[in-house]
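Have the viewer open and follow along.

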Amino acid sequence: MAVAHRLFRPFTPAAKNNLSSFLIRSLSSSSSTHGPSLDPEIDLKEAAAELEKSSSPSSSPSPSKGRNFHWVFLGCPGVGKGTYASRLSTLLGVPHIATGDLVREELSSSGLLSSQLKELVNHGKLVPDEFIISLLSKRLEAGKEKGESGYILDGFPRTVTQAEILEGVINVDLVINLKLKEEALLAKCLGRRICSECGANYNVACIDIKGDDGDDGMYMPPLLPPPKCESKLITRADDTAEVVKERLRVYNKLTQPVEEFYRKRGKLLEFELPGGIPQSWPKLLRALHLEDDKQSAIA
Ligand SMILES: Nc1ncnc2c1ncn2[C@@H]1O[C@H](COP(=O)(O)OP(=O)(O)O)[C@@H](O)[C@H]1O
């Protein structure tokens, strides 16, 4: 795509200043789901160019660092993208890159930009495309230096603009679109807990949906922490009922069109989660024709 082929300049401090003023405008625009239109365009071009640079193959690829998968996980908040992307990453030997984690890392730093971003994230809004692309580029660049040659993306792309830019710089092989009964999504987000020390994810929600009229029920037991994490659990600031509902609304409006983007290109694998990990994981492996690798998969 044209935008990704123009500039090869690094993400400069000037661009960062533009981004900062962009964020200020974005925060003062209450009617928009995703802040204002992407103006000035130059920020997005620079970020796209950075992504292109960081996506080019490493000059010294390391064969031991996994196969060259370029997979993407799509799905509503709470669906389990992180859980299944992380398992597949272990199984396939490619890094799991979650843009939500990159954003949260950025939020933990101090400064004006970070507090402006926090406002967006904690209200369930997306951060600007150019910012997320810049963060992802930095992560890919760091991975390239370590010899990484593939990845499983989780949480990116989340807008059609992001998908177009990604498509311009890398050939995504497969997009796994995870689906879960809607009534389970909110409960799963509200039950999510993270160990503040080791970063492991747990879920205290017990989901028990009764089936009716030919519709299967669903049981997902809680995923409780081991004793070493029990006293260190925290809840994400954006996992409140009000913010989760907004994130679901934003997903439906801005990310659902990304499903269509990949469907049209024949890259979308729809996967309806039948329940918790014990039922869903083997079924997902079958859908991905990865059963042969199952022996080495984590249980
Ligand atoms: N690709 C992206 N584009 C814009 N914002 C993003 C993107 N990825 C993550 N974010 C920001 O980080 C927040 C947390 O992301 P994530 O952990 O993926 O949440 P979720 O559980 O909703 O899938 C999002 O609500 C959004 O503000």
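## The chain overall

Buried residues (under 20% relative accessible area with a 1.4 Å probe, protein chains only) account for 51% of the 299 residues in the protein chain. This is a predicted model, where local features need pLDDT of at least 70, side-chain atom pairs count only at pLDDT 80 or more, and totals for chains, interfaces and linings use all residues. Residues are numbered from 1 along each chain as its sequence is written, and side-chain values use heavy atoms, with hydrogens and water left out.

Going by DSSP runs (helices are H or I, at least four residues; strands are E, at least two; both numbered from the N terminus), the protein chain has eleven helices and ten strands. Take the contacts (heavy atoms within 4.5 Å) between residues at least 6 apart in sequence: 76% of them link residues at least 24 apart.

## Around the ligand

## Polar contacts

Now for the N or O pairs within 3.5 Å. On the backbone side, an N or O atom of Lys125 sits 2.7 Å from a ligand oxygen atom, while a polar backbone atom of Gly155 is 2.8 Å from a ligand nitrogen atom. Arg236 uses its side chain instead: a polar atom there lies 3.2 Å from an oxygen atom of the ligand.

Notes:
Buried < 20%, exposed > 50% of the residue type's maximum accessible area, 1.4 Å probe, protein only. Polar contact = N/O pair within 3.5 Å; in protein donor to acceptor, adjacent residues only side chain to side chain.
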